[in-house]
Amino acid sequence: MRIFNKPFLLVLFHVLFMSILPLYKASSPTTEAQALVEWKNSLFESSSLDSWSLHNLQNHCNWIGIACNSAGSVSEIIISGRVISGTLAHFNFSSFPNLTYLDMSGINLSDSIPVDIGNATQLQHLWLFANNLNGNIPSSIGLLTELQTLQLDHNNLNSSIPPELGLCTKLNILDLGGNSLTGPLPLSFSNLTQISDLSLWDNCLSGELLPHFLSNWTELTSLDMKNNTFTGNIPSEIGLLTNLEYLLSGSIPKDLGKYTPYLSQVDLSKNKLSGEIPITICKAALSLLDLSPGTLYALDLSDWGLTGSLTHFNFSNISKLKILNLRGNKFSGSIPDEIGLLHYLKVLVLSDNLFEGCIPSSIGQLRELRVLLLSFNHLNSTVPPELGLCTKLTNLDLAGNSLTGTLPLSFTNLTQIWNLNLYHNRLSHDLPLHIISNWTELINLDLSYNTFSGNIPPEIGMLTELMYLNLDSNNLTGHIPVEIGNLENLRELELSRNNLAGSIPATIGNLTELRLLNLSSNNLSGTIPPEIGNLIQLERLNLDNNNFNGEVPHSISHLSLLELLYLNSNRFSGRIPKDLGKYTPQLTYVDLSKNNFSGEIPVTLCKATFLWNLVLASNMLKGALPRCLGDLSIRLSILHSGRG
């Protein structure tokens, strides 16, 4: 069904065209050049358009970003990505009767799209994406009946979609994604019979996707409506879109796939579309996958809250699949062995479900696998040694399960791994030295909340790319190896809640990129090395619940970015560093309680103007509380400081 009467439209366009024709007659190459300079002079920043000058009008076809037709009239303005800032308020669209290409994407345009954009009636391609445009999409855009491409995505447009946009019947590509558009799709969109790529993602669009849209969009190859508030069913007419290759939308229409032999990517995540999901997700997925075997390469059903098992999932029918994402559902039962049939799979995401039992050894057959995310399920087996056969793995996340045993020796083969999360399991035994020494690409290693025992191997120092190391809450013993100082890229080091002994090695001072150092709740002793003052990026230092003694080095006062300082429950003595607070203005929480600090509370703490909690109880401090601390409105815990 067509919404508009064609003879009426022809008359309407003729009248509109005649109404602006005098403006076109007044245009010339000189007036076009003058109009460009006038707009340039209205910009806040225009240094990249220096060639646009009144002293160079006759050469305007050679100006930056300008192209002309054979008559010297401007036909293209392409200035995307240049250092420009301003609005379109003074851009005289009427001055460019032969303009066919206008690309002003990514140049920091603000304010609204002017109504007189409709005067550039010869425009075929209009790119205004990746700016800061706001307000309405003007209804006058419907006058641009030659438009083939319109990209307004990545802006702040917040109107409804004007129905006049449906008059642009030659549109092939329409991208309005990444705005704040509201309301339903206008009925006039059924006139867009040549549309091949329609992107409406990340808006606040609502209403239903009506059948007559789909029955007219027969050229559509890509439809992206994700992250909106569309309701109702996706009509079964979507099966008529025989050229469809990419669907990023809502629910699962029964006939999808039956008539779409080229469908290769399906993303049904994060929408509120409802409708009948046939009996189990397995059968729903099979209705999707009623394709010529091997055509689908990506399937995303994440964050749907879907239930059931994958027992009847026909993996053999999607043998060429490269991406499978079922994250954030309520799938239960075991992970089927048949998953090993997906020999081309590169990304497998099954995290945040209710899967239980074993990690199937057949995963070892997925030799192309780069990403494997099985976190936060109820898996309770050992880690299968076959997983070490996936030698291309770069990201492995098995956290939040109940996995037992130790790491298999085959993990030595994972030489490309950069992210390894195994936290919150029941893994045990010593940290394997020969495995760790092969993980030279590691950036993140999180083995926290397990029951690993033994020493931290000195081979840890070979992981020179490491940025995040978390061995918190295990049964580790021995000393902190001096080789820890080799990890000069480290941002966070967490070794708390173990049984580590000995002192902090002076090499800790090599970690100048460190933001977080947490060694709390161990059996560490000795003094804090003065080299700790080298950690100029440190924001949080936690050494509480150990056996440290002696004076706190004054160098700790020079950690200018320090926000949280926990030294409580140790055996520190002497004075609180006299400059604490003077060079650490970001301090918000300081706990020095349960030590043997003596002397007066340093007045320099008043320099820490963000300080809201100061805990000094159970020490041997004396003297009066500095008056300025009361002015900071902080919570003070000093009443039982042992001052007599």
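1. Cys358 counts as partly exposed because its relative accessibility is 49%, the class lying between buried (under 20% relative accessible area) and exposed (over 50%), as computed with a 1.4 Å probe on protein chains only. Cys390, by contrast, is buried, with a relative accessible area of 0%. The model is predicted, so that local features need pLDDT of at least 70 and side-chain atom pairs count only at pLDDT 80 or more, while totals for chains, interfaces and linings use all residues. Residues are numbered from 1 along each chain as its sequence is written, and side-chain values use heavy atoms, with hydrogens and water left out.

2. On the disulfide content, the structure holds 1 such link, a disulfide being a pair of cysteine sulfur atoms within 2.5 Å. The link is formed by Cys61 and Cys68, whose sulfur atoms are 2.1 Å apart, and with -100 degrees about the S-S bond it is left-handed. Cys61 is partly exposed, with a relative accessible area of 27%, and Cys68 also counts as partly exposed, at 23% relative accessibility.

3. Turning to the sheet, 3 strands in the order β4-β6-β8 form an open arrangement with parallel pairing, and its edge strands are β4 and β8 (156-157), each of which pairs on one side only. Strands here are DSSP runs of E with at least two residues, and helices are runs of H or I with at least four residues, numbered from the N terminus; two strands pair if DSSP finds at least two bridges between them. Strand β6 (residues 132-135) is joined to β8 by 2 bridges, and the two run parallel. Within this pairing, Gly135 has Leu157 in β8 as its bridge partner. Strands of a sheet pair through backbone hydrogen bonds, either parallel or antiparallel.

4. A point on backbone geometry concerns Asn108, where phi is near 65 degrees, a positive value in a residue other than glycine. Asn108 is found in the loop between β3 (101-103) and β4 (110-111), and β4 is also one of the edge strands of the sheet described above. At 36% relative accessibility, Asn108 counts as partly exposed.

5. A positive phi also occurs at Ser473, with a value near 60 degrees in a residue other than glycine. Ser473 is found in the loop between β30 (468-470) and β31 (475-477). Which class does the relative accessibility of Ser473 give, buried or exposed? Ser473 counts as buried, because its relative accessibility is 14%.
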